[in-house]
Amino acid sequence: MTEVPPPFDPELAAALEQLGPDAGPGLAPEDIPARRATGRELAAALDPTRGGAFDAADRWVPGPPGAPDLSLLVCRPVAPPAPGPLPVLYHVHGGGLVLGTNRAGLEEPLTWAAELGAVVVSVEYRLAPEHPHPAPVEDVYAGLLWTAGHAAELGADPARIVAVGASAGGGLCAALALLARDRGGPRPAGQLLMSPMLDDRGDSVSARQLAGLGTWDRSASATAWRALLGERAGGPGVSPYAAPARARDLSGLPPAFLDVGSAETFRDETVAYASRLWAAGGVAELHVWPGGYHGFDALAPDAAVSRSARAARLDWLRRLR
């Protein structure tokens, strides 16, 4: 029997329709070079200073042992609202593990930082398939180590580093929390996971319902996971540091905020992860936005549901502080 998908929110559906037929939800391996080039062009247009509100600088810092140095974009408020060490938003960009730079998806974290008086540190990790697992998550962990170890230099509080990311970045933030726990590394004060990419198996009800719909579907996920894991994707023995849904133990993790659209591929894996955090005695806040497809609030920021989603994330960050 065909699984009927939930409808898109009308405002979001209208925004998606405006993109036309070229904005399909799939991603084939041969599409990656062109999509990377487009992403770099868009990222280059970002002003990380927000008109002079932030002092923005690219920093090269040590990568994982035996790996190249990392590029971190550090954005510090020029006029912090209060004296003393500032909280840090440690940003991990999305892009299906195969696309993106440390400027991708940075608009919302900069908005939060302006509201909260926070430093933003955005990590540029190595991308698959050229750099399969564990390269991306090890880069993200190395960036966290540097950020915590150099907090005083940044005017920041190492005890108030919040990992934030969308899509693949959300999955990497969840993996980062697991890795930091298991290695005894710096513990993030929280993890903000927006439509996180958590499960390489891709056989949930929502993945089947939304095949061929929205902005990212199970075929795109399959391309991404194969790029990261090769033939291991979907099979036994996949590391939880690659696909956090594989983790057997979710205890002892930082407080989490998770949100996802009701009409997107990652809905069920996000809901399941939140439920497992609660089952392990953890703290988690979950929002499922009605009619939302993947990345809906970036595509249609003025839609009512997008405004609600963005307000909820900022409210959680305020309460976490």
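Residues 90-296 have end C-alpha atoms 22 Å apart, and the span is 37% helix and 18% strand; here helices (H or I, at least four residues) and strands (E, at least two) are DSSP runs, numbered from the N terminus. For this span, UniProt lists "domain: Alpha/beta hydrolase fold-3" in an unreviewed entry. UniProt positions are given in the numbering used here, feature names are shortened, and annotations may be inferred rather than shown by experiment. The model is predicted, with local features needing pLDDT of at least 70 and side-chain atom pairs counting only at pLDDT 80 or more, while totals for chains, interfaces and linings use all residues. Residues are numbered from 1 along each chain as its sequence is written, and side-chain values use heavy atoms, with hydrogens and water left out.

Strand pairing comes next, where two strands pair if DSSP finds at least two bridges between them. Strand β3 (residues 86-92) runs parallel to β5 and is joined to β5 by six bridges; Leu86 stands opposite Ala156 in β5. On pairing with strand β6 (residues 190-194), β5 is again in the parallel sense, over five bridges, and Ala163 has Gln191 in β6 as its bridge partner.

Helix α3 has Glu108, Pro109, Leu110, Trp112, Ala113 and Leu116 as its buried residues, where buried means under 20% relative accessible area, exposed over 50%, and partly exposed in between (1.4 Å probe, protein chains only). Just after α3, Gly117 takes a positive phi of about 70 degrees.

The cysteines may be taken together. The structure holds zero disulfides, a disulfide being a pair of cysteine sulfur atoms within 2.5 Å. Cys75 is in no disulfide, and the nearest cysteine sulfur, that of Cys173, is 16 Å away. Cys75 lies in strand β2 (residues 70-77) and is buried, with a relative accessible area of 0%. Cys173 also counts as buried, at 1% relative accessibility. Between Cys75 and Val119 there are 5.8 Å in space, C-alpha to C-alpha, although the two are 44 residues apart in sequence.

Pockets were located on a 1 Å grid over the protein atoms alone: a cavity is a set of points where a 1.4 Å probe fits but cannot get out, and a pocket is an open set with protein on both sides within 12 Å along at least five of seven lines; lining residues have an atom within 4 Å of a point. Grid points are joined across faces, edges and corners, and a volume is the space filled by probe spheres set on the points. The largest pocket holds about 1600 Å³ of space. Its lining comprises 45 residues, with Arg35, Gly95, Gly105, Gly295 and Ala298 nearest the centre. At least two lining residues come from each of α2 (32-44), α3 (107-116), β5 (156-166), β7 (256-261), α10 (296-299) and α11 (304-320), and α2 gives the most, with seven. By class, this lining has 16 nonpolar, 18 polar and 11 charged residues, with Ala, Val, Leu, Ile, Met, Phe, Trp, Tyr, Cys and Pro counted as nonpolar, Asp, Glu, Lys and Arg as charged, and the others, Gly among them, as polar.

The second largest pocket has about 170 Å³ of space. It is lined by 16 residues, of which Asp200, Arg201, Ser221, Ala222 and Trp225 are the closest to its centre. Helix α8 (residues 218-229) supplies the largest share of this lining, five residues. The lining of the second largest pocket divides into four nonpolar, five polar and seven charged residues.
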